[in-house]
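Hi,

Here is the structure I promised to pass on. Have a look at it first, and my notes on what turned up follow below.

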Amino acid sequence: MNIVIVGGGTAGWMAASALSRALNRHTTIRLVESDEIGIVGVGEATVPHIKAFNQMLGLNEAQFVSRTQGSFKLGIEFRDWGRLGDSYVHGFGTMGHDVGLASFHQYWIKGRLRGQASDLLDYSVNTVAAMRGKFMPAPVDVPASNPLGSIAYAYHFDAALYARFLREYAEQRGVKRIEGKVREVVTNPENGYVTAVRLENGESVSGDLFIDCTGFRGLLIEGTCEAGYEDWKQWLPCDRALAVPCAKVAPPTPYTRSTARGAGWQWRIPLQHRTGNGYVYSSDFISDDEAASVLLANLDGAKLADPKPLRFTTGIRRKAWVRNVVALGLASGFMEPLESTSIHMIQSGISRLLQLLPESGHVDPLLIDRYNAQVRFEAERIRDFLVLHYNATSRNDTPFWDHCRTMAVPDTLKEYTDLFRHSGRFFRNADEMFGLVSWVQVMVGQGIMPTGYDPLVDQMSDEDLPRFLASIRDVVSKNVDLMPTHEQFIARECPAPQVAA
Ligand code: FAD
């Protein structure tokens, strides 16, 4: 099998690394990229699933973090989302501990309704540690029932350094990189299969399977295969971003910060050598110049470059796999970076592709249909989770927030929020990306407080409930006391080379 990856951003090099690791030596993998076009160069916050990807590659974690100027991420702090002045944390990992058949959050709801429980974030080691600037991975000899055993984390890293790191990895495993701009995509007139990409220098790169990682342009999947695009702007109104790095002025926080602004939201991603920032906004509600002013007025340190503008349409390719072309990364669609899901979707696309890889250049439509159905399922469930952040708000201080608060939401989201509001119940749908702890933290954080709870929690006596909640809070807090600060942990385990940012 002859595989051609077109594009060498995060998607291209993640695919090249994983395929070179997983496939046998009878497969040739070539990657075409153009330095002149470059990469999108953002995408610096991740979710914990990326650890499985790195483990599959056999990467050394300390080396990976150090080489990418990385830091650790225990979750995301959301400021001003539900209401101006509000703050909550969507932490990874677990919350409290379940008793009997009822989840912990049900005990918390009952306690909260009776004034016997504090903020939800007090009951999770991830969220308490994040707010106290502490970090360490779960010790290997501690069971998951102990709060320290349930720490879950992801990374922040420099996107350009990550692509470089993976490129080195893939090239060492035989991936051949071809520098050049694709001028033409050649197809077989009989069946429409792509047979080669022709470069501006006249070179032709032929293959059996093509992986389109050309970013928003979707050169093969859209330009040639005309897969179509489903626009989700009616639910996710932001369509532009400005990204700007600034000087680091304090130890890196072990979490991403997302602050809601008048026409969107601003990210802050702490790295070892600098801090990444960006304003994701809707061009229907704010001009580019105004957005730039808001962003630059809200940096922790001095800006290190001019803001980089990015335009996008939130949505998905109607088909991510058409004939012998599979799109990954931005070529397959884009969901804005509110919950750092894009790199994860590249990762899940790659593992799905590996599970459904055809044996030869001829692709059975059964494989394609299964792949496309799974991509859609994953994307729609993530979409709903993102829409929740915008819609579940009481903000009415700007036309943007009025729009978000009053817009119609997908029926699938409404079912989730109605059920939760009624009695705090939540059911994860198959293997959708975000689970109970994520949904509960965000629904509560955005101001959806259930009016009732699961009667199963009544098995605990009214006297025991406040004691149970207080003991969890206490144990979590004492365990966080034992943790080093994020800065101490990085300095000890994975310091990056000192560079001018
Ligand atoms: P690109 O980086 O655009 O790479 C495209 C490649 O295709 C380049 O190598 C280019 O040279 C090549 N190419 C294009 N055309 C041709 C041609 N004609 N010939 C040859 N080569 C060609 N994701 C997260 O997970 N977390 C985040 O925090 C996050 N933040 C984001 C913030 C913003 C504002 C945006 C827009 C995205 C963010 N993302 C985030 C998404 C993330 O940046 C992307 O998923 C990731 O960078 C993958 O990009 P890509 O490789 O698909 O495309």
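Taken over C-alpha atoms, the centres of domain 1 and domain 3 lie 27 Å apart. Before you go further, keep in mind that this is a predicted model.

To get your bearings, the protein splits into three pieces. Domain 1 is made up of 2–71, 157–230 and 316–380, domain 2 takes 75–154 and 394–486, and domain 3 runs over 240–311.

On the domain question, 16 residues of domain 1 are in contact with 17 residues of domain 3. Together the two domains bury about 1,200 Å², and 58% of that is on carbon and sulfur atoms. On the domain 1 side, the residues that lose the most area to domain 3 are Glu44, Gln69 and Ser71, which together make up 36% of what that side buries.

Glu44 turns up again in a salt bridge: its partner is Arg274, with the closest N and O atoms 3.1 Å apart. In total, 2 salt bridges cross the interface of domain 1 and domain 3. There are also 9 residue pairs in polar contact between these domains, counting pairs with both residues at pLDDT 80 or more.

Now the ligand. It has 34 residues around it, and those that come nearest are Gly8, Val42, Ala45, Val182 and Ile343. Ala45 also has a polar backbone atom 2.7 Å from a nitrogen atom of the ligand. How much of the ligand does the protein bury? Taken alone the ligand exposes 1,000 Å², and the protein buries 97% of that.

Cheers

Methods: Residues numbered from 1 in each chain as written. Predicted model: local features only at pLDDT ≥ 70, side-chain atom pairs only at ≥ 80, totals over all residues. Heavy atoms only, no water. Domains from an automatic or database assignment. Contact = heavy atoms within 4.5 Å. Buried area = accessible area lost by both parts, 1.4 Å probe. Salt bridge = Lys/Arg side-chain N within 4 Å of Asp/Glu carboxyl O. Polar contact = N/O pair within 3.5 Å; in protein donor to acceptor, adjacent residues only side chain to side chain. Near = heavy atom within 4 Å. Areas by Shrake-Rupley, 256 points an atom, 1.4 Å probe, with all protein chains shown as cover.
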